[in-house]
Amino acid sequence: MTSKRLTHAVDEPSSLSRRRLLKGAAIGGSGLLFGKAIAAQTSDQPQPTRSTDTTQSIPFYGEHQAGITTPAQRHVYFMVLKLDNTDRQAVIKLFKEWTRQAALLTQGKNIGPYSNNHFIPPADTGEADSLHAYNLSLTFGVSPSFLEKLGLQDKAPAEFKPLPHFPRDQLQAQYTGGDICIQSCADDPQVAFHAIRQLVRHARTSMVSMLWAQNGFNAYNDVSQTPRNLFAFKDGTANALTLKDAEKYIWVDDKNWLQGGSYMVVRRIQMHLETWDRTSYGEQENTFGRDKLSGAPMGQQHEFEPIDTGLKESNGDPVMPVDSHVHLAHRTGQQLLRRSYSYTGGINTLTSQYDAGLLFISFQKSPQQFITIQNAFGKIDKMNEYITHVGSGLFACFPGVKEGDYLGQALLEG
Ligand code: HEM
């Protein structure tokens, strides 16, 4: 039964690598990919929003963590953990180990070589053996409760506190809260899952327990397309995507442990597909304020034309409904980086409806950007009829890690 693994171990006894096929060429790191893409363009042009070459690897080390401005890969596996051990030295040890593992995993390597001792479990679970790195990125964040548990609450910036209750929130405990999040994105779902599995496997024996997780996907043919969400609208058109945007809207610029990091909001939003599918085409477009096919803002022809909420019909009515999702968001003047994924999770057997929706993920310099927009939607967003927010989290994603340092070092040691 073990002969297959045995052969494998003997074939590649000292290698951490499952990369015999890997091209090896990294396409850039956290921010680097973003930066590279930008080199040939001016800094305020929209950047590609997703991976172009699915086989490549993204460096783990860099100024910012990967998985934020990194073009969105096709798959996410998102994990939220509870911190069970509040001894700071033990947490430092864990974060050092996660740094080591993440640096290997993102390069398409296993976290340890297979042993020749066949009486112990393999160091790496192995389901990514012979797969490429698939642009894997691992992004780590902690919540206000993490700081409290470690007695570090004095280090929490004033705005770093649990999100307020929003109108129509129906948050469920099983998708809300938690102390640590790990966002694993890759162009292959098994690679994304494998990475989380390794990171959690040993940690969960004494340090953390799993609270909730969600996998998700987005679909596109090539980099020039904006993926469609499960309401079939292009999602991600008006996004904070340029380098200038990143400085202005995404990276924290306070002289503290979070400098160069970003706040992440995650919301598990159930989409009521059955209700949506009974809605007329015209009303669907009124809900978003955009053309369903082209993605153009109402009153315009093309997806990326500027939004003009002041345009009027001949009878004086606004061209873009004032309660449409885009009108309401646009009017706040706020921006954030949306990096969401659709999910489908089987069916709700009580209602006999799909359990499907959007794992909404946004990155911002301040949680207030999200709060302002979500409050603007309030009770009036036309889309409210078709969605329910069932899960929520706010996490501070650390700045990038320098080689030799470890994740969260400035917080844990500073
Ligand atoms: C299931 C839930 C949601 C769906 C299906 C959805 C879908 C969309 C779509 C189709 C657009 C227009 C295309 C685009 O610019 O990307 C859009 C725009 C936008 N959405 Fe959402 N969205 C959802 C939730 C949210 C939430 C929770 C927020 C933040 C609080 C948000 C913030 C925005 C912003 C800022 C824009 C751009 C507005 C502008 O043009 O200035 N969305 N969304």
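Guide: Let us begin with a definition: helices are DSSP runs of H or I of at least four residues, numbered from the N terminus. Please also bear in mind that this is a predicted model.

Visitor: With that definition, where is H325 placed?

Guide: H325 is in helix α9, which covers residues 325–331. In total, the protein has 11 helices and 9 strands.

Visitor: What makes H325 a donor of the iron atom of the ligand?

Guide: Donors are N, O and S atoms within 2.8 Å of a metal such as this one. The NE2 atom of H325 is at 2.1 Å from the iron atom, and H325 is the only protein donor. Water is not among the atoms, so the site may look incomplete.

Visitor: Which residues are at the centre of contacts in the largest nonpolar core?

Guide: That core has 71 residues, and F95, W98, F140 and F146 touch the most other members. Helix α3, residues 88–105, gives the most to this core, with 9 residues. Apart from it lies another core of 26 residues, including V76, L359, V390 and C397.

Visitor: What does F140 touch beyond its neighbours within four places in sequence?

Guide: The contacts of F140 include F60, Q65, W98 and A102, together with C181, I182 and L199. A396, C397, F398 and L407 are in contact with F140 as well.

Visitor: Why is T99 called buried?

Guide: The term buried requires a relative accessible area under 20%. T99 has 3%, and is therefore buried. T99 is found in helix α3, and touches F60, Y61, V401, D405, Y406 and L407, not counting residues up to four places away in sequence. Across the protein, buried residues make up 53% of the 414 residues.

Visitor: Why is α3 described as roughly antiparallel to α5?

Guide: The axes of α3 and helix α5, residues 189–203, come within 10 Å and cross at roughly 155 degrees. That makes α3 roughly antiparallel to α5, because the term applies to angles over 145 degrees. The crossing of α3 past α5 is right-handed.

Visitor: Which residues meet where these two helices pack?

Guide: From α3 come L94, W98, Q101, A102 and L105; from α5 come H194, A195, Q198, L199 and A203.

Visitor: Is L163 buried or exposed?

Guide: L163 has a relative accessible area of 17%. The limit for buried is 20%, so a value under it qualifies, and L163 is buried. L163 is found in the loop between α4 and β3. The C-alpha atoms of L163 and L394 are separated by 6.8 Å, although the two residues are 231 residues apart along the chain. Leaving out residues up to four places away in sequence, L163 touches V265, R267, F370, I371, S392, G393 and L394.

Visitor: What share of the contacts in the protein joins residues 24 or more positions apart?

Guide: Such pairs account for 80% of the contacts with a separation of 6 or more.

Visitor: What makes E283 partly exposed?

Guide: Partly exposed lies between the buried limit of 20% and the exposed limit of 50%. E283 has a relative accessible area of 27%, and so counts as partly exposed. E283 is in helix α8, residues 281–288. Leaving aside neighbours within four places in sequence, E283 is in contact with K382 and Y386. E283 and K382 are 99 residues apart in sequence and 9.4 Å apart in space, C-alpha to C-alpha.

Visitor: How do you know that G216 is buried?

Guide: G216 has a relative accessible area of 7%, and buried means under 20%. G216 lies in strand β4. Not counting residues up to four places away in sequence, G216 touches R74, H75, V76, Y341, S342 and Y343.

Visitor: Why are R168 and A232 both called partly exposed?

Guide: R168 is at 47% relative accessibility, and therefore counts as partly exposed. A232, at 28%, counts as partly exposed too. Each value falls between 20% and 50%, the limits of that class.

Key
Residues numbered from 1 in each chain as written. Predicted model: local features only at pLDDT ≥ 70, side-chain atom pairs only at ≥ 80, totals over all residues. Heavy atoms only, no water. Core = buried A, V, L, I, M, F, W, Y, C linked by side-chain atoms within 4.5 Å. Buried < 20%, exposed > 50% of the residue type's maximum accessible area, 1.4 Å probe, protein only. Contact = heavy atoms within 4.5 Å. Donors = N, O, S within 2.8 Å, 3.2 Å for Na, K, Ca; no water. Axes fitted to C-alpha atoms, helices over the stretch in contact; angles between N-to-C directions. Parallel < 35°, antiparallel > 145°, perpendicular 65-115°, else oblique. Left-handed = near helix turned anticlockwise from the far one by under 90°.
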